Amino acid sequence: MRAARLIKMVLLLQSRSVMTAAELARELEVSERTVTRDAQALSEAGVPVYAGRGRAGGYRLVGGYRTKLTGLAREEAEALFLSGLPSALREMGLDDAASAARLKVTAALVPSLRDAPRTAARRFHLDAPGWFHEPAGPGLLPEIAEAVWDDRLVRARYRRGSGDEVERELSPYGLVLKAGVWYLCARVEDDVRVYRVDRFTAVEVSSTRFERDEDFDLPGFWEERAAQFARSLLRTEVTVRLSGAGMELLPRAVDRAALDDALASASAPDADGLRTLVLAVESEEVAYDRLTALGPEVEILAPDTLRARFAGAAARLHALYG
């Protein structure tokens, strides 16, 4: 445990010119006293860690000290080569850079670990897009990715869902690949918004850099915005009565957030083992498409228009098979 922490400390100092005890403690998840002891241990082991004092003080490595990646365990080396997404890198125009980086890392590994890329690739493969849907083409993704990497302002034309186009100056904060579709999270004035990359019709990368908000957390922002988006679509409520088999099938038919809310307020099973739930859905049309998959395991109680639609479908089925 301590050996791994010491290696991480060296790599942190190697990647940054100087770090305070508080910064190291936060990264290593230890106390500042432990940081002091670890720095002393590294110094005694021959790693030139220097502790400066004063306002500009902090820990640094002396004399451009560098360490090779000889401390990697096999599982760490194999995990390293699982971290890339080949198709995503290719769409961003970074496949050549990623290939060169992998070669350099491989060359730095000790001989016993140099088969890690091959063993990882033979056992795991990520296919991000969902079934039965062709992923949207990358379009202007390489230009947008370049702007994201360099913190450069972008002048872009964007096609809205309604079909009309708008022009925006964006501060591109980050890219997200969701189910085969690329999204750009970008600041516009005082708000961070989400744009589908395949809807950009023109992109001009400026030579001007924007000042990034260092507190912006891309994973956290995306998780919150995705949850808001999913719930914003659920504008209609449907009351249903389900059998035990229907309860088991329900997760395949409805949104996960809607299911969790419905289960929290569901009735206890009645004498026949049936439970009543109120489901939030996008529309009656979507509810009809999704819930018909449950067949006789679901009964629509409300709204009356949807119940009548199911009754009509049941009558037609009876006429066909009765």
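Which strands form the open sheet, and in what order? I looked that up to begin with: five strands form it, in the order S6-S5-S4-S3-S7, and the pairing is antiparallel. Here two strands pair if DSSP finds at least two bridges between them. Helices (H or I, at least four residues) and strands (E, at least two) are DSSP runs, numbered from the N terminus.

**Ground rules.** I noted that this is a predicted model, where local features need pLDDT of at least 70, side-chain atom pairs count only at pLDDT 80 or more, and totals for chains, interfaces and linings use all residues. Residues are numbered from 1 along each chain as its sequence is written, and side-chain values use heavy atoms, with hydrogens and water left out.

**Overview.** I found 13 helices and ten strands in the protein. Of its 322 residues, 31% count as buried. Buried means under 20% relative accessible area, exposed means over 50%, and partly exposed is in between (1.4 Å probe, protein chains only). I also checked contacts, meaning heavy atoms within 4.5 Å. Among contacts with a separation of 6 or more, 62% come from residues 24 or more positions apart.

The edge strands are S6 (191–196) and S7 (200–209), and each pairs on one side only. Ignoring direction, neighbouring strands of this sheet are turned by 45° against each other on average. For angles, axes are lines fitted to C-alpha atoms, for helices over the stretch in contact, and the values run from 0 to 180 degrees between N-to-C directions. A reminder for myself: strands of a sheet pair through backbone hydrogen bonds, either parallel or antiparallel.

Next I followed S4 (residues 165–178) and S5 (residues 181–188). They run antiparallel and are joined by seven bridges. Ser171 stands opposite Arg187 in S5, and Val176 stands opposite Tyr183 in S5. S4 and S5 make a hairpin with two residues between the strands, and Ala179 there takes a positive phi near 50°.

On to the next pair. S5 and S6 pair in the antiparallel sense over six bridges, with Tyr183 opposite Arg196 in S6. S5 and S6 also form a hairpin with two residues between them, and Glu189 in the turn has a positive phi of about 55°.

Why is S5 largely enclosed by the rest of the structure? Seven of its eight residues are buried, so the rest of the structure largely encloses S5.

Two entries here. Helix H8 (residues 141–150) packs on the sheet and touches S3 (152–159), S4, S5 and S7; its direction makes about 80° with that of S4. Helix H9 (residues 218–232) packs on the sheet too, touching S4, S5 and S6, and its direction makes about 75° with that of S6.

**H12 against H13.** How do the axes of H12 and H13 cross? The axes of H12 (residues 284–291) and H13 (residues 304–321) come within 10 Å and cross at roughly 40°. H12 and H13 are therefore oblique to each other. The cut-offs: under 35 degrees counts as roughly parallel, over 145 as roughly antiparallel, 65 to 115 as roughly perpendicular, and the rest as oblique. I then listed the residues that meet: Glu284, Glu285, Ala287, Tyr288 and Leu291 in H12, and Thr305, Leu306, Arg309, Phe310, Ala313 and Arg316 in H13.

**Two buried residues.** Ser243 lies in the loop between S8 (236–242) and H10 (244–249). Ser243 is buried, with a relative accessible area of 14%. Leaving aside neighbours within four places in sequence, Ser243 is in contact with Gly273, Leu274 and Glu297.

Asp38 is in H3 (residues 32–44). Asp38 counts as buried, at 1% relative accessibility. Not counting residues up to four places away in sequence, Asp38 touches Arg2, Arg5, Leu6 and Met9.

Most residues other than glycine have a negative phi, and most peptide bonds are trans. I went looking for exceptions. Glu29 has a positive phi of about 60° although it is not a glycine. Glu29 sits in the loop between H2 (21–28) and H3. Is Glu29 buried or exposed? At 74% relative accessibility, Glu29 counts as exposed.

Asp151, in the loop between H8 and S3, has a positive phi as well, near 55°. My last entry is the peptide bond from Ala302 to Pro303, which is cis with omega near 0°. Pro303 lies in the loop between S10 (298–302) and H13.
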